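Me: I want to go through the labels attached to this model and ask what each one rests on. Please set the values against the cut-offs.

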Amino acid sequence: MVYFVKRKRFVLCLTLLFFISSCANAHASLSNKATTMMDGQIPGISFNQIDFVWNHSQFFNTAVGQVVANIEDVLRDAGINSGYLNGYTSAGWVIQNLMLDNRWSYELVSTFFDLGRTGDVRSIQMYLEVTSNPMHRFPGGVFETYAVGDVVFYAGGDSEDPGGFSGINPPDPEAVEFEEGGLNEWYEQPNHDPDANVQCAVNQCVPTGYANTLQYVENTFDVSVPHDLVPGIGFHETGIVVPPNSLSGYFDVLMRRNLVSFWEGNGTPPDRAIRGGLQYCYEENTDVTVRHQGIEGDVDVTWDGKKTSYHQGPTVVFSNLMESVKKGYGITLRFWRFENGIHYSGHQVCVVGAGYVLGQAKIHYCHDSKQSDEFDGLVVHETYLGINSSDGNLTLLNSGSPPDGPPEVVRIVTFDADNLAPYEPSRPHQGFGIIKLEKDTDYEFTTSTTDPEGHDLYYVFDWDDGTFTEVGPFTSGATASAIHNWSDFGSVVKIKVRARDIFYEYSPWSDTTTRVIPGFEFIAAILALVCVFILLRRKRR
């Protein structure tokens, strides 16, 4: 597991009352931290130097930096609602198209970058710029001075014996190359709780990743997850969960994670993780289809013969990952680190976004901002992805790589809640009494429908001239409108519309609205009379 932690030792005998009180104060800690991250010329930006601490070795004052952006503050200063943060230092273009969007539900986004030097770094000279569009190259500008803090980066949460690296300092994060005019396609899931703060123990990233993922599924679809997304721990030997309703604490028990206290405990190996997730879905009647790709991806995984995760292949494929985000699946992702070809401990996260920026694949994932026994809130981390040439697995490119190269994405587990399609929308409606169209004249058409799960809706109008217009989002049940004009058409235009929800589930097409063209009214009338005559003759027979 990867986590940021300022080591703090609680007394062993914490009372339940004190525990609950600490949980209640957790969100205030995140809010205070966000408002103080304002250095230099762009408010809402903070920098840290990463110390790597493995189980058996420690590397302080590395060349790996972290930038954390308060999305609202940065975009307010730039005067835009969405954009990209880029940073240039003496080491080159080090912060590359960090995405920012006020529509996202969370407050902070972070990524790693190359500090350019080791030693105790207290400040950095950098040119920062926020742009409306992604940059395929970034020449930099006049440097400003930004303060640099210090955080510690631990590992061990996804294996029973955390293990560790020894003797070799991880190399610097890698820069990526962008394609001018390359593909820009991005999907970000809504309904990820911006106040999610459930990790309260060292090496608890796996139960937390599953808990965050299932809570998102419940937030988004008509699925029951009876436990609460609150900090907690569970002792599998006794089955005791503190507090009793904690989802992450209950996953401690089901995944049989060995722990003594909040700060003393092992991680969770992958086989116990997925079977614990299946057991929960079966016992709590959480109605989802579970699938996995990556390790054990060539065989189905079953818990006690009662609940199955269906395999999707032994290698994690980015197109599958992006499509799962697009469709709204709950996704928990595990990446591992290596030393001399051996799998060591890594991290489990909840994926919230995926796509391409100028041809480069990357993802957003959320996790507790310290990954420790401290309560310090949720942060979303952004990382670019590449392909490992030896085994084809996805790799995390700008992540502070271990000795044998970038950590690999070795498994994704998806929870599909069978999203329901919107109902068929009403036929496109126009002003009363309008039955014909003029060329090169704007006409407005309206429609509406509802979504069974209350999701926001988009509408796609087919104008019967080879063109389509998509408008939205609109709340379920609200009236939508679109404007179109025709430069050329035949004697009759047939207009129809369909709806899609935010996860690209489409409704059937509506009934058509027919409009005639001036000059063809007589022909249309004759055709109508012919149709009536034919129908009358059939009835007489």
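This is a predicted model: local features need pLDDT of at least 70, side-chain atom pairs count only at pLDDT 80 or more; totals for chains, interfaces and linings use all residues.

Me: Which residues in α4 meet which residues in α6?
Reply: Val206, Tyr210 and Leu214 in α4 meet Ala273, Ile274, Gly277, Tyr280 and Cys281 in α6, where contact means heavy atoms within 4.5 Å. By class, this contact has seven nonpolar residues, one polar and no charged.

Me: How is the packing of α4 and α6 described?
Reply: The angle is about 40 degrees and the axes are 11 Å apart. Axes are lines fitted to C-alpha atoms, for helices over the stretch in contact, with angles from 0 to 180 degrees between N-to-C directions. The crossing of α4 past α6 is right-handed, the term for a near helix turned clockwise from the far one by less than a right angle (left-handed if anticlockwise).

Me: Why are α4 and α5 called oblique to each other?
Reply: Their axes cross at roughly 130 degrees and come within 8 Å. Roughly parallel is under 35 degrees, roughly perpendicular 65 to 115 and roughly antiparallel over 145, with the rest oblique; α4 and α5 are therefore oblique. The crossing of α4 and α5 is right-handed. From α4, Pro207, Tyr210, Ala211 and Leu214 make the contact, and from α5, Leu247, Ser248, Phe251 and Asp252. These residues divide into six nonpolar, one polar and one charged.

Me: Why is Asp101 called buried?
Reply: The relative accessible area of Asp101 is 7%, so Asp101 is buried. Asp101 lies in strand β6 (residues 92–101). Leaving out residues up to four places away in sequence, Asp101 touches Ile71, Leu75, Asn81 and Ser82.

Me: How do you know that the side chains of Asp101 and Arg103 make a polar contact?
Reply: The distance is 2.7 Å. The limit is 3.5 Å between N or O atoms; within protein, one must be able to donate a hydrogen and the other to accept it, and residues adjacent in sequence count only through side-chain atoms on both sides.

Me: Is Ser426 buried, partly exposed or exposed, and why?
Reply: Ser426 is partly exposed, because its relative accessible area is 35%. Ser426 sits in the loop between β21 (408–416) and β22 (443–447). Ser426 and Ser448 are 22 residues apart in sequence and 5.9 Å apart in space, C-alpha to C-alpha.

Me: How many helices and strands does the protein have?
Reply: There are eight helices and 27 strands, each a DSSP run (helices H or I, at least four residues; strands E, at least two) numbered from the N terminus. Of the 541 residues, 55% count as buried.

How values were computed. Residues are numbered from 1 along each chain as its sequence is written. Side-chain values use heavy atoms; hydrogens and water are left out. Buried means under 20% relative accessible area, exposed over 50%, partly exposed in between (1.4 Å probe, protein chains only). Ala, Val, Leu, Ile, Met, Phe, Trp, Tyr, Cys and Pro count as nonpolar, Asp, Glu, Lys and Arg as charged, and the others, Gly among them, as polar.
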